[in-house]
Amino acid sequence: MIEAKNISKFFGDNRVLKDVSVEFDRGKTNLIIGQSGSGKTVLMKCLVGLFEVDKGQVIFDDRNFSEMSFNKRKIIRKEIGMLFQGGALFDSLTVEENVIFPLSIFTKQTIDEKRERANFCLKRVNLKNVNNLYPSELSGGMKKRVAIARAIAMNPKYLFCDEPNSGLDPITSGVIDDLIKEITEEYQITTIINTHDMNSVIKIGDKIAFIHDGELWWKGTKHEVLKTSNKELNDFIFATELTKKLIPK
Amino acid sequence: MIYHLGKYILLMLQVFRKPEKGKVFRKQLFIEFQNLGVDSIGIVAIISVFMGAVVAIQTAYNIDSPLIPLTMVGFTTRQSIILEFSPTIISLILAGKVGSRIASEIGTMRVTEQIDALEIMGINPANYLILPKITAAMLINPIIIILSMGFGLFGGWLVSIVTNLFTSQTYIEGLQSWFDGYSVFYALIKTVFFAFIITSVSGYQGYDTKGGALEVGRASTKAVVWSSILIILFNLILTQLLLS
Ligand SMILES: Nc1ncnc2c1ncn2[C@@H]1O[C@H](COP(=O)(O)OP(=O)(O)O)[C@@H](O)[C@H]1O
Ligand SMILES: [Mg+2]
């Protein structure tokens with residue numbers, strides 16, 4: 001479980017996160033939803049320590065991450081996998097080298113052991129015969145899959161995904177969502193996903209936190225999200241022609 | 001300005017840490033020898049040969065008094081190439097070639113979150129990305145500059161073959177007269193200094209990039225402009241210090 005307690009974050013005078021408190025459960029796909037610019041990415045980066053919080057605490061299974069030194073944090077960093085919005089694959093490395101990279105950093109495995117693990121992860125995300133390609137030679141969906149493979153290489157306890165579907169067609173999006181959900185349940189990972197894709201919300205929203213203008217506006221599940229009376233959340237989920245058809249009569 | 005200087009110094013404090021894994025650092029270092037060094041030799045060779053030739057021709061044309069021996073051509077060509085042309089002008093060329101490359105490489109990594117991806121794995125990205133570049137350039141640039149000197153002198157000699165402005169023999173005689181090893185030492189000190197300027201300033205500009213593709217281009221321009229200005233400035237300072 002990951003707990004965020006009263007997190008606030010400023011950029012200069014601009015308060016991007018206001019007193020956000022939210023818990024994320026193990027073995028579940030926990031969604032952070034909200035409009036573009038509402039603060040989802042900043043919240044996620046605060047959780048993993050890429051941004052320092054100005055107020056509040058982040059707790060990974062009773063371990064207070066916010067109060068740890070850089071070196072102590074490394075223990076938790078080993079347990080974190082992160083999928084960045086654009087994939088963030090290393091351009092100068094091949095697919096296989098990208099997946100091996102965290103293993104080289106964190107473990108003392110031999111190259112054969114690392115290769116084996118990398119191939120296992122690539123197979124897990126249904127990628128074959130791409131080991132020696134460079135990221136620039138892959139499609140958007142394949143890049144996301146390689147990024148997932150790299151994120152799970154270290155067998156993470158915590159998986160963070162920043163808009164895993166952005167830039168993908170609906171079918172590929174669905175495949176990526178399913179994949180993340182499966183992996184989460186299979187390895188009992190605490191998974192946090194930033195998204196504004198309503199398909200994902202309805203399909204894999206085990207737990208949902210709605211962020212509006214840097215504040216936590218609503219919490220619930222995919223079963224509750226369509227029945228809410230919260231105005232801003234309603235505006236958000238019923239914004240498209242397709243979702244309007246879901247408005248309960 | 002002061003703000004950037006402060007941020008630059010803070011970044012350098014991050015850069016100059018002991019690399020966590022020696023093996024990883026050595027691997028990066030060899031990649032950079034290739035990227036920053038070997039890949040630059042072609043352009044350096046071409047420019048040096050032509051500049052050496054031009055210096056020799058101009059010197060020869062400007063000697064019209066019979067009192068000045070033609071061996072002055074070799075001497076002057078050697079002095080200008082060793083003292084200024086190779087260390088300073090070639091460093092300026094490298095600031096353009098290597099500086100823009102470093103800034104755009106690191107800038108792209110910044111805006112595509114590759115630097116965040118490194119950081120999340122507990123790596124110090126500044127150290128991991130910038131230190132091998134600085135180290136590689138400080139080691140390999142002196143070699144490039146020595147090669148450049150050789151090519152420059154060769155360019156001057158070519159003139160003696162192709163034209164009849166002066167003979168090969170007087171040129172070589174001139175090259176050998178009043179040679180002072182200290183001038184090569186002075187040139188190499190400058191080179192190492194300039195190598196540090198180019199790589200660290202460009203590394204900073206790339207690392208500090210915010211935004212997208214447009215800003216990466218801007219960072220790369222700033223890297224070239226700032227490294228060039230600093231090279232010119234420190235050329236003056238170092239010349240004063242080393243030759244006085
Ligand atoms: N590094 C930064 N410096 C300053 N402001 C930032 C930075 N990152 C994000 N912001 C601001 O924080 C707000 C939330 O951004 P973000 O979390 O990226 O939104 P999203 O919900 O689309 O992921 C935006 O107004 C953005 O301008
Ligand atoms: Mg975002």
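In the predicted model, the contact between the two chains takes 22 residues from chain A and 16 residues from chain B. The size of an interface is often given as the accessible area lost when the parts come together. Between chain A and chain B, the buried area amounts to about 1700 Å², with carbon and sulfur atoms giving 62% of this area. On the side of chain A, the residues that lose the most area to chain B are A:L50, A:F90 and A:I105, which together account for 27% of what that side buries.

The largest pocket has a volume of about 1300 Å³. Its lining comprises 31 residues, and those nearest its centre are A:L50, A:F51, B:R110, B:E119 and B:Y207. Two or more lining residues are given by each of several elements: β1 (2-11) and α2 (70-77) in chain A, and α1 (2-15), α4 (71-111), α5, α6 and α8 (181-207) in chain B. The largest share, five residues, comes from α1(B). By class, 14 residues of this lining are nonpolar, five are polar and twelve are charged.

The element that gives the most is α2(B), with seven residues. The lining of the second largest pocket divides into twelve nonpolar, eleven polar and twelve charged residues.

The largest cavity has a volume of about 120 Å³. Of its 14 lining residues, A:I80, A:G81, A:R150, A:A151 and B:M121 lie closest to the centre. Both chains contribute elements with two or more residues in this lining, namely β6 (80-83), α3 (95-106) and α5 (140-152) of chain A and α5 (114-120) of chain B. With three residues, β6(A) gives the most. Ten residues of the lining are nonpolar, one is polar and three are charged.

The second largest cavity has a volume of about 40 Å³. Its lining is formed by A:C46, A:G49, A:F51, A:E52, A:V53, A:V58, A:F65, A:S66 and A:R73. Five of these residues are nonpolar, two are polar and two are charged.

B:N124 is placed in the loop between α5 and α6 (125-162) of chain B. With a relative accessible area of 16%, B:N124 counts as buried because this value falls under 20%. A polar atom of the B:N124 side chain lies 3.0 Å from the backbone oxygen of B:Q14. The backbone nitrogen of B:N127 is likewise found 3.1 Å from a polar atom of that side chain. When neighbours within four places in sequence are left aside, the residues in contact with B:N124 are B:Q14 and B:R17.

Notes: Residues numbered from 1 in each chain as written. Chains lettered and ligands numbered in written order. Predicted model: local features only at pLDDT ≥ 70, side-chain atom pairs only at ≥ 80, totals over all residues. Heavy atoms only, no water. 1 Å grid on protein atoms, 1.4 Å probe; cavity = no way out; pocket = protein on both sides within 12 Å on 5 of 7 lines; lining within 4 Å. Points joined across faces, edges and corners; volume = space filled by probe spheres on them. Helix = DSSP H or I, 4+ residues; strand = E, 2+ residues; numbered from the N terminus. Nonpolar A, V, L, I, M, F, W, Y, C, P; charged D, E, K, R; others polar. Buried < 20%, exposed > 50% of the residue type's maximum accessible area, 1.4 Å probe, protein only. Polar contact = N/O pair within 3.5 Å; in protein donor to acceptor, adjacent residues only side chain to side chain. Contact = heavy atoms within 4.5 Å. Buried area = accessible area lost by both parts, 1.4 Å probe.
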